[in-house]
Each structure stands twice: as C-alpha cells, then as structure tokens.
Amino acid sequence: LGYVDLYVNTGTDESPVFDSAGESIYSAGYDYKATVEIVDWNNDGTNDLLVGRKDPYISDPNSPGNLLDGTNLLATGSYSHPVVFDWNRDGKKDLLIGNSVGNIRFYRNVGTDASPLFDGYENLMAGGTIIDVGSQARPEIVDWDGDGYADLLVGGRDGKVLLFRAIPLVNLAIPAAIEGDGFLSNYGSVSLRSPATSNIVVTLNSQDTSELTVPSSVTITEGNTNAFFDLTIIEDSDLDGSQAAVVTAEAGLSLGTHRSRATVHDNEATTITVDIPASTTEGAGALPGQGRVTLGLAPDTDIVVSLASDDTSELTTDDYVIVPAGQSTAAFDLTVIDDTEIDYTQSATITAHVENWTDGLDSIIVNDNENTNLVVNIPSLIGEGDGVITAAGKVSISGTLPFPLAVTLGSDDLSELTVPATVIIPAGSTSNLFELTVLDDSDSDGVQVVNVTASSAGFILDSDSTVVADNEIDHFTFSAIATNQIASVPFNITITARDINADAGWYQGSASLTGTGNSGSLPVQPATLAFSNGIWSGSASIEAVDAGVTLSVSDGSGHNGTSTTFDIEPGSDPVIFEWDTIPSPQYAGVPIPVKIAARDDNGYLVPSFLDTVDIGGIFASDAEAQIGEGEGVTMSTVYTSYADARSQIIYLKSEIGGAGRIDALALNVSKKPSITMHNWTIRMKHTALDEYPETGASLESNGWTIVYQADETITSTGWVKFEFSTPFIYDGTNNLMIDISHNNTTWGGWGQVKCTGAYGDPTRCVWSYAQYREHGYPLEWAGSYPVIYGSFSVPDLKLSIEQTVAVLPTESGNFSDGQWSGAVAVLNAGTGVVLSAVGAGVSGDTSPFDVIESDIVIFGNGIPVISGDITPDTASGTDFGEVTSSAAHAFTISNLSGSIALDLTGIPHVKLVDPTGFFRLGQDSASPIAPGGTSTFVVVYEPISRGVHSATVTVVSTSAFIPEYSFVVQGVRPDVSQFTTNHSIPYSWLNSYDSSWTNDAEAEVMFDHDGDGYTTWQEYWCGTDPNNSNSLLKIDSIYMQGNSVRVEWQHDNPAAELRPIAIYSCSNLNGGAWEYAGEKNPADGTNTWLDTPAQQLFYRLVVTNTP
C-alpha cells in the first residue's frame, strides 16, 4: 500500500544489525510501490524523505503523505523513482526520475539549492538516443570507473541493469614513463570536447609525488581544445616494479575533475623464475595454486607480475600474480584446456613479465585425452525391403584431425546387407555417415544378424551388429489390454506383426481392426491400421458398452491376430443428467412420471452414481438483469498483470430483481487482457452482507457453487457473455456474492471492465493478487491472506435469469444403477417449462413442455392419461396387451378444483366408441364429483377374434378447461393356441412382422415372403428376418485366426426358444462324411465359432430338432 518502513541499525556501520520490527514512517495512502530517496531537501541540517509512488506524482519531502499543488506539484509519470543529484553542475539539487515507460527524466532546479523549484523536464539520452529500459526505470548515480565523473546505473522491470558511462568534460592524458626519465617537457596533456570560449585554468595534482610531480596548473587558452604540461619522474632505489600514480585535473564546477592513472615503470630489476608442473592431461581442468613465480630479490612494494601462456588452446593462467612487499614468491592458478583434436602430446609455456625485468618462463607437457579408437554404429533393427537407407550408418573418432581419414567398411552377410567399401571422415570432423543397402528375399527365414566392421591405418578397428527382420509375416500379436476400459475413451495398444519364429516381422502394409463382445460385433476406431516396421502403436476406442470383448486384426491375406478378453464399461463420473422425454402438455399439480439417467461424456449410463439430485424448474425464456451503467473502469476480475488474482463482489437483491435460475453472466470489457486467463473461475453464493467492512474484510472459502471454469481468452471489448456449465438457483431473498479468479504461471498486460461507484459509496468489491504464485491456488485463499484491497467500484454486469417454477419434490431419491424413476409435479401453469436436475457438479434439463391449468384429470394405474392421447401404453392401462378372454382396467376421474363440483353429462357418464364391439363399460363413473374428489370407471376388453382392437373413451363434463376429455384404449387377441400347428411358430412372432399373418397363420408359415428360398417357418427356426431377403442362415466368412479356424454367420433377433446351431465338418466334399464339430446358441448379430483342426476341413451349419 505504498508504506515506507524504517529499520533502525542497532549495530555499527561496519557490522549493521537491524531491529526485527520495522516502523512505518510514511504511507502513500492507497497507492503502492513506494521508492525513497533520503536528502536534506531544504538544507536545514536534517534528512528529509523524498518518495516516488505508483501514481504519477512525487510526494513533497517536507510533508510526507501530502501532495502539493501549484508550482510545487510535480507530476512525473507513474512508478516514479527519484534520485537527487546536481546533474548540470550548477551547485543546486536536480531530480532524475525513472518512470513506468522506462525513461529517465531530468528535472532542472530553477530555484535555489535550499528551495528547489522545477519547470519541465527532458529525457536523458545516451549516444544520441533517449534512454529506454522498457518499463519501470530505476536510476542510481555512481562513479563506476573511478574517473571522477558520475556514471548512470539503470534497472528495469525485466531484471536487467544497464551501465551508462559518463564522458569526461575535461580529459587528462599521461603516457607511461620509466624511473630515471627525470624532467619530461610537454609530456602530459589536458583536453576539452570543444574549444574554450575563454582561458580555462586547469588545476593539476599528483597524488603520489614519490613517483611523479606535475605543475600546479595548466591553461587551455581561448579557442583551443587542449594544453600540454611538463612532469618530473622521481628516481628512487626501491625495487617496486611498475607503479600507477593518480593525477587529477580540476577545471571548476561546470567541467568537473578527471582522475587518471600514470604508469611509472621501475628501473631497478631482479630475476623472475617460473615453476609449473612438468606434465598434465587434457581435461584436468583447473589446477589452483600449482604455478609459482619467484623473484631474485624481495620487492619493497607489492609487485604485479603479468602472466601469459604461449598456447591458450592447451593451457591458460591468471592475467597476473601479485608478489607482496618483503616476499619473493607467489602462487597462481593454471587451467588445462580440453580440446577436440587428436593432437597427441603438446607443450605449453608460461611467461612471467615485469616491465624492464628479465622474463621468467617454464613449460608443461599436455598429454592428449583423445584416443585412436574407431567407432561404427548402425541401427539395431532394420528390415527386408528397406532397400537403400541413406545416412543410416556412422563411423566416429574421438576427436578431429587436420586431414581426411579414410575408413574401410565390410559386411559379414552380403545376402542380407551391403555397405560402401570406404567412408571418409573430413578434416576437422569427428564422424561421417554412410548408407546401408538391405536386400529382400522371399524366404520365411526369420530374423538374421549381420556384423559391419570399420578399420583404418593407425586406428583400432570396431564392429557393430544389426538384426534384419523378416518381411514374410505369419501372424499378429496384441500388447496386454487392461481388463476394464471405458466406452468411447481411447486406450493405448501396440500390435506387432510376427514372423514364422514369432519374432517381430517387418510388415509395412495395412490391416483391419474389428471388435466383438458378448452382444456381437462392436464399432471400433480406427478401423484400418497402417503398420510401420512391423508395428502399429496408437489409441483405439470402442463406441459401445459390452463384456467379453476381443479385438481382431487381419491383413486380408490370411494373417490374423486376436487380443485378450476385456470389458467395456461406462465412465465413472456423470457429466450430464438426461431426462426421458416428457409429453406436452402436462397438468399443473398433477405428478408427472419421470426418469433421470446419469450419463458420462460419451452418453453412456453411469451405474456407479447412487446419490440424489436437486430438482428445479424454470420457464425457458431468459430475462436479463443489468446491474450498473458506469463509465469508470476497474482491473478487478481481469487483473492479468499478476499471475494470480481473485475478486469478490456483492450484488444487492434489489438490483437483481427476483428469484430465478442464473444461466449466464456478461462483463462490459473496456480493455482486453493481453494473455489467456488460465483456470478462470466464476463462483456464486447467497450472502446476507450488503457491503464489506472498512477493515477486516475476508475472502470466503465455503458455500460456493462453481458456475463457470475455463482457460479464457477475451478477444473483444464490449459485453462479453459467459454461459454457465452449472446454473445457479438464486432465491431472491438474499444478496448475491460473485467470486472471479484466475491462476496463471506468468503475467501480462491487465484488462479492464466498466464499473459503477463513487467516493463515499460502500465497499462492495474486494480483491487480492500474487505476482509469483507465492500464495497457492486462488480458489483456496481465505480470510485476509493474501492482503485484501477494497473498492467502491462494482463491475457492471448482465445476468441471464430464468423465472423459476415451483416443483415437488425438490430432491430426487437415491439413484439405482445410475437411474432414478419417480414423479414430479409442476405447480405453476405456463408454456416452455423446463425441469432441471443438479448434482455432483453437473446438471441436465428436459426439453421444454407446456403445463396447463385443469380441473379434471383421468388416471390409469395412478398415471395421468393426457386428453387426446392416441398412443396407448401399458403403464397407464390404456394398452390392455394380449388378452385371450377378458380383461378389466379401472380408471379414476379426479376433480382438481378445490371449490366447484364436476358434473359428468349424458348417460352413461363415460362413453365408448368401439367399431369392433370388443370393449364395453364395466362400471360407469359417479356424477357429480365433489371438489377435490374422485370417481372410478371400468373398461372391459373381451375380444373374440384375433388381431389388434381399439376404442375411444370420452368423458363430457362441466370442466372449465377440458369439457370433452378423450383418449384411446387398445388390446390384442392372439390365437388361443399361441402356436401354429405347422412347425410350432408363435403367433406373437408372426404378429411382430405382419399382424395380418395371424389371420391365416397355418398358410402363412408355409410361404416364402421375401423370396430368399426359406419359408416363414424356416426363417423362424433359423433366427432370420422373413421380410428381408438378405437375412438368411449361411456362413458369412471363414478364416484362420492364429492356429484356429474362425467361422462367422448372422442371426436377426432370434427367438429365445431356438435350439443351438450345430456346426458340422468334412474333409472331402466328394463322398466324405459330415461329422459333428460343435454347436452355439443363436445370438443377435454376428455369431462366431472357433475350431482347431488337425487338417484342412469344410464346414456347414445345421438347424437341429425343428418340429
């Protein structure tokens, strides 16, 4: 929040110790990212505090926390960082301000040093270009190179620090000299960047007069840029090597002082001896302290001895070593270089040097760590039919050579693999590639092993081997498949083509993939596989639920394979609740039979779901509540300048406008976030809070409903709508709390949304953020951690609200095997009613249907029969089913009115229109029916001829809504015997294909209706369709599956009482005997039977034991 904390040093300047609890000495209010500069601003002898802030101002150092106005208000750009320095050398404090755009502003002090005043600014430049470090520039002043002039260090938001060196205004230059040179006329010089406009006196000073002296001053005359001066080199008897004497040239406040070092070489000398190890090996790396220099005499001062290696490709050392005064020796480090050359043994020399002294040197032998071994590499596996494989082989040596190396190659099996006679490794390279030529034969000879050798004079030969896989394959194998798989969810499998020895074969063609289970053939994806090098590896999925599932692969040329058996199950978690269709219309207050199924994301039932769900209802016509029309902007909800951020906002019930189901939310985006908001989450809950307290606001952690969650990229401004995956049922009596957060790994430019609010309004929005994910997952933040910030600015939004409908019950019973069946009553009439089920974080809606008011409803078996229904069903009793003699079904008339009796008109009160005469009224209803009362009538069905019969039931009453209530009843009479005399064919089976066949069933069963050569009774016992000429009993396919014979044929909805289908085999069609081989119970779809014969056989299917 822009606080400046003071930590008091309770130690010393050399060893500071700070108290653990800082004292807050300044606050920038609600601003933050304060930066400070301590300066005696008004020259009163006490330190003042200058504070830069995130907002575009610098706080007055004489009044911390307050902003000045008029001439004393300094707007400097946001994220300001102040530095006080006399930049223009006029003796007064100036300001350098780093700001958010990455520039450095120079504010010239046009007041006095004790009372600074600023009038405008200019951006600092370097090399003719404005300094720009990207963003959030942080300048500091330091004499980095010690030349007497202030250099500029600038940090930026990217974490880099840039150095801008000052160019001296006056430049001092003194060449190196030697003791004993004595007086040197015009040996030194001073110079300016431009000609002097008047005589300039430059004050000179030597800071080491034991080495050299200079005149007290030199004058650069008007119109000139430089002047020369004399100097005197002092002679001494010290053995002190080369010395650097500091000389300064001061040209006044406006030009400053330049510090320069003049080198004076010693004319006293001694010997230098160097000692390094006699030998080493490449790769030894650092050898700390293993070099040593020794002087013939101990020096009077520290001596800098320069070091150099004559072959830095083999050995490097320190640039120098210092021999301390009074001592004669010092150690230095060596580093042995590891090069890539095969260069055998090398020598390197280290030379030690002091100007005017005799150099010392020593040599070291560097043994090569590259060997003379040849290495040849070829693929471990190749295959017949590959032909020429470019760049498949490689010969290598351990290092480079200055000349090309010829390597001889050879193969020990030229019937399988050939290689070039020679391959050349170029100079400077360590390897080269060569091609392999794989031959193709027609032998089923399995894998073959081939060795390739490489040799060259002066090198140790090498060999490598490869396996040549056979491309004549025998069968396929599957990798293991887990026992349980999920329908429509891909699972990984690997299918391998095998040769005659069951080794991996080199198959490059395609094969078909099929699946079967207990229910028959199953849809498999992919259906076609493209093999590469004998292997297909990938994901497969089965779009069904079944047990006893196997996958089969075939190349169509007699090579097959079958997987192990596994089961396909539905997903374990529901993603939607699916309702059975509810007919329209329904009656208000009348229970509606419903069925809800929990389904996975592929539409399969989830039998493991056993919980309850909440049941609600709405009218499917969106109403929209817009809250706020402000012109302000806020970053809350889209604060992507931080990796993690979370906002929590209160919206009042008076703004929302009543109860309903909230299906969507829209924000009015004025600036798009620059990056995707990962795991962007919208949550909702009811709250009794109207506003947040000024202190002690909390991020709430319980009771939330996640209504929307996605990786969100906002691509446009204006109203952006988010359709909820889980709707929120708003009760209309509480206020609404909305929580929005994101969880990124990085940050970018922030977004903004429009908001409403003004100073003095209650705090209804709080937010928090984290730059480096240091506080964990935003959805788990709670209480006041991380730090919470409050605001009166409430983001504008639109809520899509659908009016709720009262329903009973509001909660289902427990699901059984993933389903729940029950009854739900809608208490309000209206059009477009939608029922919803919500639970386990998912939901599901019905299709819209209408609910009408009524004062009369007729029930059958407790289920309402809709007036006008012409599709009888057994559940309500309007479908009597199969009746051979007589059946009576009772129906109840209910008067839903709470105050008016219901009169039924006419005698009888219930009327039947029955063209067949097989339906009659067994019991008439009473009339009138009291308010809230019921009366029962009975319909009797007594068919005397076969076939389907129907009648219309009509009740005419004084109902204000349905004065004429009618529906259709239906029944069917099969033949009394149930089966035909000829071949015992069930009448019900005949009726399922053509109801007219039961009129003369005995003749119909002897007729071939579809012309496929099979009569109707034969079609029944074969388990085929008598109306489909393509449905007949025959062997569809027969092929080898491994060592087994696989026989396949089809049945179409076979009757449960059918006998097994027998399979007979014969080895010779010309007079051979057919023998029983096995049998299989008929199943709908593809039927499969496996045999493992010892010889080639013929097969046929036989229907057994028909009447």
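## Overall make-up

The protein chain contains 4 helices and 90 strands; helices (H or I, at least four residues) and strands (E, at least two) are DSSP runs, numbered from the N terminus. The model is predicted, so local features need pLDDT of at least 70 and side-chain atom pairs count only at pLDDT 80 or more, while totals for chains, interfaces and linings use all residues. Residues are numbered from 1 along each chain as its sequence is written, and side-chain values use heavy atoms, with hydrogens and water left out.

The C-alpha atoms of the protein chain occupy a box of roughly 150 × 95 × 50 Å along the principal axes. The radius of gyration of the chain is 49 Å, whereas a compact globule of 1107 residues would have a value near 32 Å; this radius is taken over C-alpha atoms, and the globule rule is 2.2 Å times the number of residues to the power 0.38.

## Burial and contacts

Of the 1107 residues in the protein chain, 44% are buried, where buried means under 20% relative accessible area, exposed over 50%, and partly exposed in between (1.4 Å probe, protein chains only). The chain exposes about 50700 Å², and carbon and sulfur atoms supply 49% of that area; accessible areas come from the Shrake-Rupley method with a 1.4 Å probe, and for residues only the protein chains shown count as cover.

Among contacts between residues at least 6 apart in sequence, 65% join residues at least 24 apart. Contact means heavy atoms within 4.5 Å.

## A six-stranded sheet

An open sheet of 6 strands has the order β62-β61-β64-β59-β66-β67, with antiparallel pairing; two strands pair if DSSP finds at least two bridges between them. Because β62 (705–712) and β67 (789–791) each have a single partner strand, one side of each is left without a neighbour in the sheet.

Within this sheet, strand β59 (residues 644–651) is joined to strand β64 (residues 735–743) by 8 bridges. Ile650 has Met737 of β64 as its bridge partner.

## Asn735 in strand β64

Asn735 belongs to strand β64 and is buried, with a relative accessible area of 6%. Beyond its neighbours within four places in sequence, Asn735 is in contact with residues including Ile650, Tyr651, Lys685, His686, Asp690 and Tyr730. The C-alpha atoms of Asn735 and Asp690 are 7.1 Å apart, although 45 residues separate the two in sequence.

## Nonpolar cores

A nonpolar core is a set of buried Ala, Val, Leu, Ile, Met, Phe, Trp, Tyr and Cys residues joined through side-chain atoms within 4.5 Å. The largest has 37 residues, of which Leu665, Ile682, Met684 and Leu799 touch the most other members. Strand β63 (residues 718–730) gives the most to this core, with 5 residues.

Not counting residues up to four places away in sequence, Ile682 touches Leu665, Ile706, Tyr708, Phe722 and Ile738, among others. A second, separate core of 29 residues includes Ile893, Leu904, Phe918 and Ile962.

## A hairpin and a four-stranded sheet

Strands β13 (residues 151–155) and β14 (residues 161–164) run antiparallel and are joined by 4 bridges, with Gly155 opposite Val161. Their hairpin has 5 residues between the strands, and Gly159 takes a positive phi near 90°.

β47 pairs with strand β49 (residues 535–542) over 2 bridges, and Val524 has Ile542 as its bridge partner.
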